[in-house]
Amino acid sequence: MTEPLPLDHGQLQKLVTADLVRPDHLLGAHPITENGVEGVRFAVWAPAAQHVSVVGDFNGYNGFDNPMQRLDFGYWGVFVPSARNGQRYKFRITGSDGRTVDKIDPYGKFFEVRPATASIVWQHDYAWTDDAFMAARTQGFDQPVSIYEVHLPSWKKRADGWFLNYRDLARELGEYVTHMGYTHVELLGVMEHPFDGSWGYQVTGYYAPSSRMGTPEDFKFFVDHLHGLGIGVILDWVPGHFPTDDFALARFDGGPLYEYADPRKGFHLDWNTYIFDYGRNEVVMFLIGSALTWLQDYHIDGLRVDAVASMLYLDFSRTEWIPNVHGGRENLEVIAFLKRLNEVVHHMAPGCMIVAEESTAFPGVTTPSPHGLGFDYKWAMGWMNDNLRYFEEDPLWRKYHHHALTFYNAYRTTENYMLAISHDEVVHLKKSMVMKMPGDWYQQRAGYRAFLAMMWATPGKKLLFMGQDFAQSTEWAAADGLPWYMADQPDHHGVLELVRRLNTLYRERPDWHTGDLLDEGLMWINADDSDNSVYAFIRRDPGSAAWSLVVANLTPMFRENYPVGTPQGGEYRVLLSTDDGEYGGFGTQQLNLTATDDGWNAQKHALRLNLPPNSVVVLEVVDLPTVSDQR
C-alpha cells in the first residue's frame, strides 16, 4: 500500500510543473490516519470552481457537511473522519458557470456498476505471485509476440447473461490462450466507462478497471493468473478523447478544464467527445499517471494507444481547424506529450511495450525520442488494408493486384510493425474475416486459411481478434457472447487448429520471429508471378542458419510440379500446408521433395511442388547446415 503524498505547496507545484508522474498518489481518495483519527483524505483539481464539497455514504450526500478547502494552484482538499474504505462518494462542484453538479473522482480507483456512477473509496493490498514474470518481461523485439485481442464482456457470458467475474475469466481465458499458443492478450476497453456500446472507448475512469466484472483485486488476480501461465497482458488505452457525460470529466469545474476550450481543437465531431488539452501540464500528468498506474500497480505489460492519428493532426476529420504556430497541421502539444509518455514509461516501467494505432505515414512513430515519438510498435494499417483488399478480390482479377502483397516489404523496416486484424475489421457490416473471402463456403475457408498463414509468415508481430481464430461467420456483436458452438464444428475447428499450429511455428522457430523487424528476416524467391498469383519467399533467422520456405498459391487453380527455386539442394519436408485435411482442406500430397540442381528463380536448386488451390505451403531442409558449415 502506497502512502499518499502530503497536500502541501511543494507537491502541488510538482503537478503544475509536470514533475509529478503519479498524481494519483496526491489526488483522489486516500484512507489515512490524521492526528490519530482514521478517515479519508479527498483532493481534486477544480481551479475555476466557486465551491467544492465531498458527498457520499458518510454524510448522506449532504453538500454542507464536508466542504473542501481551496489549496494552492486550483486544488481542493479535505479530511473526512467519518469516511471509510468501500464507501461511495462524489465531488459536488459549483462551477464557474454557476451550476452545481455532482462529479466523479477523476482519480477514482473503483466505481459503481453502471448506470450508477459514484466513485468508491478503495484501498486494498494484493499479494502478487508474478515476480519472475515481471523480472523477465521485455518489449519482445526479437521474440514471438502473438496477441489475442479480447473484449472481456462478450468473450463469454454467464448462463443468466451477466458478465463473468475477472477471476472466472482468468481461468477460462487463460486455459484457452495457453492451448492456442498466444503469447499475449490485449483487452478492449477494460477501464471504467458508462456505455456498453462504446466497447470501453469512452472512458470515465482512467484509473479504474470496470466494475462490471469485479473489483480491482479481481482484476489483479486476472493479470497475476495469466502471468503465471506465461501470458502477457496489454490494455487498450484512450488518451485522445473522453465522453461528454455531465457526471465525469466534461467541463469539470464549470468550463473547459481537461478539454481544449476552442471546439475547433477540443471537440471530436465524429465521436461526439471532448479532446484533452495537451497544453496543460495537469492534464498531461493525469494521463501519464493513468498509464503508469496500469503498468506499475496492475502489472500490465503494455498499452495500445488508441486513435493516435486523431491526436496528431489538428485537421483530423474536420473542415475548420486551427493551425499550429508554424502554420502546420500537426498538434505540437500532442507530439510533446507522446514523447514524454514514452520516455517516462520506458524509464519507470522497463520491459513494457507501448503500441500506437497510427494510420498515417507520420514519420518516426517507433523511433526513440527525442527524434521520434518513442513507441515500441505501430500497427501496420497499410499492410492490413492492402491484404484485405487483395484477398477480398475475385481470384480472377488478383493478378492485376499482385504487388498489393509485396508492397509492405518495401517499407516494413521503417517502423517496428505489428500486423493486426482487430475488432474494427469485423463490425459495422464489414463482415467477419472468413466471410470477406470470395467464392463458396469451401473456397472462403481455403482463402481465409491462406490469409492467416501469409499473416503469420510475414515479418511483424501478430494480433488477431477473438472469434476470428475459429472462422466466426457472423460479425462480432458486443452485446452477445462469442458463438462458441461454431468452434466445435469441423469446418470451423479446422481453422482453429491451423491458428494453433501457426502460433506453434511462430513461437518455436527462430526464423519466424527473430527477424520480424529486420531486413534480413525475409528474402524473396519469387515475387513477380502475377499470372499465376504465386508467391515464394524465405523466412530466416539473421543470427543462425535457420530458415524456411513459404510458397503461396492464391487462386482456386491446382498447380502441378510448379518450380520454386531454393538456395540449397537435398531433401525437404513440409512444416505446414493449409490444405491439410486437419485444417479442412483436401490433403494434397507432395510427390517429390528432393531439390534438383537445375536452378530456378536465380537460385542454384529447385523444387517441383504440387500447389493446392488457395493455399500456403511451408517447407524446410531436412539436414540444415550449421552456421560453421555455411562459412
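A residue is called buried when its relative accessible area is under 20%, exposed when over 50%, and partly exposed in between (1.4 Å probe, protein chains only). The model described here is predicted: local features need pLDDT of at least 70 and side-chain atom pairs count only at pLDDT 80 or more, while totals for chains, interfaces and linings use all residues. Residues are numbered from 1 along each chain as its sequence is written, and side-chain values use heavy atoms, with hydrogens and water left out.

The structure contains 32 salt bridges, a salt bridge being a side-chain nitrogen of Lys or Arg within 4 Å of a carboxyl oxygen of Asp or Glu. One of them joins Asp306 to Arg304, with 3.2 Å between the closest N and O atoms. Both Asp306 and Arg304 are buried. These two residues also belong to a network of salt bridges that links Glu186, Asp236, Arg304, Asp306 and Glu357.

A salt bridge is also formed by the side chains of Arg573 and Glu620, at 2.7 Å from N to O. This pair links distant parts of the chain, 47 residues apart: Arg573 is in strand E25 (residues 570-577) and Glu620 is in strand E28 (residues 615-621). Helices (H or I, at least four residues) and strands (E, at least two) are DSSP runs, numbered from the N terminus. Arg573 has 39% relative accessibility and so counts as partly exposed, whereas Glu620, at 12%, counts as buried.

The side chains of Arg212 and Asp196 form a further salt bridge (2.8 Å, N to O). Arg212 is located in the loop between strand E12 (205-209) and helix H5 (216-228), and Asp196 in the loop between strand E11 (191-192) and E12, so the pair ties together parts that are 16 residues apart in sequence. Arg212 is buried, because its relative accessible area is 4%; Asp196, at 30% relative accessibility, is partly exposed.

Two packed helices are described by the angle between their axes and the distance between the axes. Helices H10 and H12 (residues 441-457) pack with their axes 11 Å apart and at an angle of about 155 degrees. H10 is therefore roughly antiparallel to H12. Axes are lines fitted to C-alpha atoms, for helices over the stretch in contact, and angles run from 0 to 180 degrees between N-to-C directions; angles under 35 degrees count as roughly parallel, over 145 as roughly antiparallel, 65 to 115 as roughly perpendicular and the rest as oblique.

Trp397 lies in the loop between helix H10 (381-392) and strand E19 (417-421). With 42% relative accessibility, Trp397 counts as partly exposed.
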